[in-house]
Amino acid sequence: MKKRMLGMASCLAVSAAAAIADDAGNRSYGQMDEVLVLGEVLFQDQITSLKTPTPIINVPQSVFVIGSEEIQRRGFSSIGDIVNHVPGLNTSQGEGHRDSVVFRGVRSTADFFIDGVRDDVQYYRPLYNLEQVEVLKGPNALLFGRGGTGGVLNRVTKKGLLGENFTDVAIAADTFGGVSFQVDRNMDTGSDSAVRINAYYESLENHRDFFDGDQLGVNPTAKIRFSDATTLDLYYEYIDHQRFIDRGIPTGTNGFPIRALKDTVFGDPELNTTELEAHVLKAMVQHRFSETMKANFSVFYGDYDKLYQNFYAAKYDQAATPNQVTLDGYVDTTQRENLQLSGNIVSELQLGDTVHTVLAGFEVMDTSSNQDRFNTYFDTSLSDEESFSLTAGTPLALSGGVGVNAAGLLTRNDFTSKLNDDTHVDIDVVSLFVQDEIQLTENFIAVIGARYDEFDISVNNIKAGEVRSRKDDEISPRAGLIYKPQENVSIYVSYSESFLPRSGEQFANINGNNDKLDPNTFESLELGLKWNLSDRLSLSAAVFETDKSSPEVDDSDASKLVVVDSSIDGFEIQLQGQLNDNWSLTASYGYLDGEQVDQTGPTGLRPRELPENTFSVWSAFQATPQLGLGLGASYQDDSFINNSNSARLPSYTRVDAAVYYDVSDDLRVQFNIDNVADEVYYPNAHSTHQASVGEEINARLSVQWRL
């Protein structure tokens with residue numbers, strides 16, 4: 001355990017150094033002088049979203065990486081927890097049933113990847129089996145294809161470790177009543193094989209009435225080394241997840257969430273629920289052809305079955321009817337199967353005085369997705385909306401879809417009579433990409449590449465009785481130039497593009513004119529600095545602008561198309577690492593600005609979910625060889641909830657703390673306190689009357705030991 005405490009420096013400094021993993025899972029950092037020596041750093045076993053063994057200091061874009069050790073220390077239990085401490089990123093509510101990240105002002109529920117493979121289903125992603133989480137900001141189509149318009153988030157999973165036998169166990173309980181259990185078991189099954197099983201169970205609780213849930217995950221993996229040149233990784237994961245859907249509270253006449261309603265839940269304790277069952281299988285073969293060429297090929301299959309149903313506050317007028325709220329709702333199901341084949345070759349070449357790291361690859365994807373939605377239908381209003389009496393702090397009188405409306409009449413909801421949509425979607429994607437990282441001189445590195453995507457979608461709209469299809473062919477370029485005045489400093493400029501088809505992230509339909517419109521395109525220009533102040537402390541900064549071009553039908557003439565352009569720009573800076581042997585620090589600041597644009601030009605309105613300033617700091621101090629202390633704060637500026645700028649989330653500051661104590665080398669006790677000051681805050685929203693209420697003060701006691 002003490003060794004793991006000392007390893008925190010590596011976890012914090014990973015954004016500034018290359019992590020070169022061997023079969024035993026060891027890492028060394030700060031070996032920048034070896035990066036372009038042929039064959040010395042080409043072969044790493046840890047899969048990363050960069051696909052090439054490039055030290056992050058030489059990557060011409062803003063990158064954030066956090067390791068499992070730091071995730072555990074900070075007490076993070078969700079993707080949202082991590083995102084709230086990444087400069088330039090914030091969270092959206094995601095309708096209470098999914099991860100939803102705002103990457104540099106661009107909201108996404110689909111720009112998620114696992115070991116570099118697309119993971120676009122809407123759900124809450126667990127952290128129990130992760131080695132690290134990587135965030136690459138800006139358009140990323142070259143490596144990831146469609147989407148990735150503001151950035152992508154990649155989860156790197158734990159793999160079997162050759163020659164190791166261990167069992168790590170962790171249990172935790174918090175003052176809300178939530179408990180969790182996690183086990184990580186690695187078994188050496190021979191000189192050339194290993195099996196690893198990660199599993200967890202969590203009983204969910206929080207500060208809101210009715211909230212509960214359960215999460216279960218089991219992830220067995222195996223590694224087989226056929227020779228010194230060839231390895232195979234096998235992976236299976238089963239996820240079973242259920243939780244209460246909480247859509248938050250309404251805003252009032254001043255546009256802010258109504259504090260008096262912070263303890264009121266607008267939903268049905270029996271019917272506000274989301275359920276997910278998923279089976280994921282992966283296989284990846286890596287082969288070394290020579291000391292300067294390596295290839296990998298992977299197969300990914302995912303089978304997802306998801307349901308979510310909910311009631312939520314749709315309308316509220318604090319001035320006219322302060323004691324009455326209108327509820328709406330729906331039930332939605334998704335059955336999706338994803339099959340992805342991908343492969344790439346990385347080769348180091350020396351041509352004259354230049355050294356090239358060439359990446360070439362392909363991806364083939366076959367997706368089948370069936371989804372339907374039924375709206376609520378109340379037998380009193382004969383519509384999907386019904387009004388109910390409201391008393392602050394008192395749950396609404398609705399249970400099992402039955403309640404008493406504002407007129408005092410018994411009302412019943414039917415989730416089967418009002419079909420909103422029913423679509424069966426088939427998608428075929430073929431992608432080819434190539435990239436060259438060129439060491440031009442001792443001080444200059446150039447990166448240039450492009451990706452070709454063929455995106456073919458067919459949508460069978462059952463309700464409308466029609467089938468529509470569309471095929472898009474897109475080429476997405478990327479270019480960057482890195483200047484290194486010295487080995488530990490890089491100054492870069494980069495340009496990249498991405499696109500999003502008109503079928504959207506979840507490709508539910510291409511109705512109306514969407515089957516006639518070209519994809520939205522995104523361009524990003526970024527200027528940045530990365531500076532390794534020491535082998536354990538790094539500073540990074542970037543200024544950027546992302547431009548969006550959106551083909552649209554002309555408002556005044558439906559036979560014509562126009563292109564609407566808009567942009568978001570910003571600045572971010574981060575200091576991360578060890579100040580000395582006992583003191584570590586992570587501090588970041590992000591600034592974002594933008595203006596909504598329509599066919600007539602700038603509107604003077606700010607994009608929704610775009611806080612101007614965000615700030616995060618976390619400091620950990622090793623007081624004694626056994627005792628460690630952590631203290632941090634995060635700040636988010638106010639931001640607009642809706643595009644009309646009539647509702648907004650107030651700014652907030654949240655303070656967190658932690659205490660770690662190593663009872664022995666193999667046993668640690670950890671105590672985390674979230675929201676130490678018991679701040680009332682609203683971290684995100686989905687729409688005008690659905691603002692999330694942040695968690696009250698909560699303490700969590702956890703015990704981690706190696707058996």
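Reply: Start with the nonpolar core: a set of buried Ala, Val, Leu, Ile, Met, Phe, Trp, Tyr and Cys residues joined through side-chain atoms within 4.5 Å. Buried means under 20% relative accessible area, exposed over 50%, and partly exposed in between (1.4 Å probe, protein chains only). This is a predicted model: local features need pLDDT of at least 70, side-chain atom pairs count only at pLDDT 80 or more, and totals for chains, interfaces and linings use all residues. Residues are numbered from 1 along each chain as its sequence is written, and side-chain values use heavy atoms, with hydrogens and water left out.

Me: Which residues have the most contacts inside the largest nonpolar core?

Reply: They are F266, F311, V325, L327 and L390, in a core of 24 residues. Strands (E, at least two residues) are DSSP runs, numbered from the N terminus. β17 (293-315) and β18 (324-351) each supply at least two residues of this core. The largest share, three residues, comes from β18.

Me: How many aromatic pairs are there?

Reply: A pair of aromatic rings is described by the distance of the centres and the angle of the planes. Rings of Phe, Tyr and Trp (its six-membered ring) pair if their centres lie within 6.5 Å; planes under 30 degrees apart count as stacked, over 60 as edge-to-face and the rest as tilted. The structure holds 12 such pairs. Take Y128 and Y200: their centres are 4.4 Å apart and their planes at 20 degrees, so this pair is stacked. Y128 is in the loop between β8 (117-118) and β9 (130-137), and Y200 is in strand β13 (residues 193-204), 72 residues apart.

Me: Are Y128 and Y200 buried or exposed?

Reply: Both Y128 and Y200 are buried. Now compare F444 and Y483, a tilted pair with 4.9 Å from centre to centre and 35 degrees between the planes. F444 lies in strand β25 (residues 444-461) and Y483 in strand β26 (residues 466-486). F444 is partly exposed, at 31% relative accessible area. Y483 is partly exposed too, at 34%.

Me: Which rings form a cluster?

Reply: Ring pairs link F311, F378, F388 and F415 into one.

Me: Where does the charged end of R104 sit?

Reply: A charge sits over a ring if NZ of Lys or CZ of Arg is within 6 Å of the ring centre and within 35 degrees of the ring normal. The charged end of R104 sits over the ring of F544, 3.6 Å from its centre. R373 lies over the face of Y330, at 3.8 Å from the ring centre.

Methods. Helices (H or I, at least four residues) and strands (E, at least two) are DSSP runs, numbered from the N terminus.
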